[in-house]
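Please look at the model shown here.

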Amino acid sequence: MASASTPAPSAGAGAGGGKDDELADLVRRLVDALARYADRLPFVLDRQKLRSLTTLAAISVTILFAWKMLRAPQEQPRRPRRRAAPSSSNTSSRSRPGALTATDACSSADSRAHEAVNQLFQPVNLTLEQLVRHKLSEGRRVTCRLLGVILEETTPEELQNHVTVRPSAVEVLLEIAKFCDVYLMERVLDDETEEKVLSSLSEAGLFANGALIKDKVLFCSTENGRTSFVRQLEPDWHIDTSPEIVHQLARFIKYQLHISPQQPERIASNIFSSPSLEQYFGGLDQR
């Protein structure tokens, strides 16, 4: 062993010396073990050849250890971290012009968080198709009266003089017809009025490209006739302006939309109301 006055070897040299000693000891033990094993064999083994094989094995092990030692990165002594000396905010600002104070950093973080929240809760601009699908809750069959919903007129007597189709209602109705089986119905006073109504609906483009089918426009002479139509068709939705008919059908129809200028009292959980067809499908308000 080295005396206390002798300088201590470097860390790398000590590690290398220790590995060399271990390697030499391993080679010696390997040679002794092979010699003992050769003595126990039932046949005579040439000791000279045994030593040659042992030497070859020792050289191979030595090369392997040397290769591993060369690949292993040498450990660098860690430098102690320097503790930053306390300084005033003015000195820090002067030494690092681009640095933010703690107050500025918090303010910036709050601003970014506020902006992210605003973007998250911005109103989503949905298409009319998406709005219709959402409002109808994936309904597949819809029945709708004409007066006061699709037409400007509100009574059968008015229809005898003129028939006016509402363009804004047509747009919504065509969108509904894309994924729903739509039936239109109305009470009329004569056959001539039926022809006027069908002609006006055709001119408005409701029958173009097979959007709606003319045979699915139904006419009757009484209000009870419209109620009977709806019950026979069993739609997912019925749209009407008559509070009496809406009330009668509440037990039989899954959903109803009551079109009324005033906000009527809600008589059932499956009945919704709106001033017009297009206003109901114009936004995602609470039903």
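Cysteine 180 is buried, at a relative accessible area of 9%, where buried means under 20% relative accessible area, exposed over 50% and partly exposed in between, with a 1.4 Å probe and protein chains only. Cysteine 144 is buried as well, at 1%. The count of disulfides, pairs of cysteine sulfur atoms within 2.5 Å, comes to 0.

This is a predicted model, in which local features need pLDDT of at least 70 and side-chain atom pairs count only at pLDDT 80 or more, while totals for chains, interfaces and linings use all residues. Residues are numbered from 1 along each chain as its sequence is written, and side-chain values use heavy atoms, leaving out hydrogens and water.

In soluble globular proteins, nonpolar side chains tend to be buried together. A nonpolar core here is a set of buried Ala, Val, Leu, Ile, Met, Phe, Trp, Tyr and Cys residues joined through side-chain atoms within 4.5 Å. The largest has 39 residues, and Leu136, Ile150, Ile176, Leu184, Leu201 and Leu277 have the most contacts inside it. Another core, of 8 residues, lies apart from it and includes Val230 and Leu233.

Rings of Phe, Tyr and Trp (its six-membered ring) pair if their centres lie within 6.5 Å; planes under 30 degrees apart are stacked, over 60 edge-to-face and the rest tilted. There are 5 aromatic pairs. In one of them, tyrosine 280 and phenylalanine 281 have ring centres 5.1 Å apart and planes at 85 degrees, so this pair is edge-to-face.
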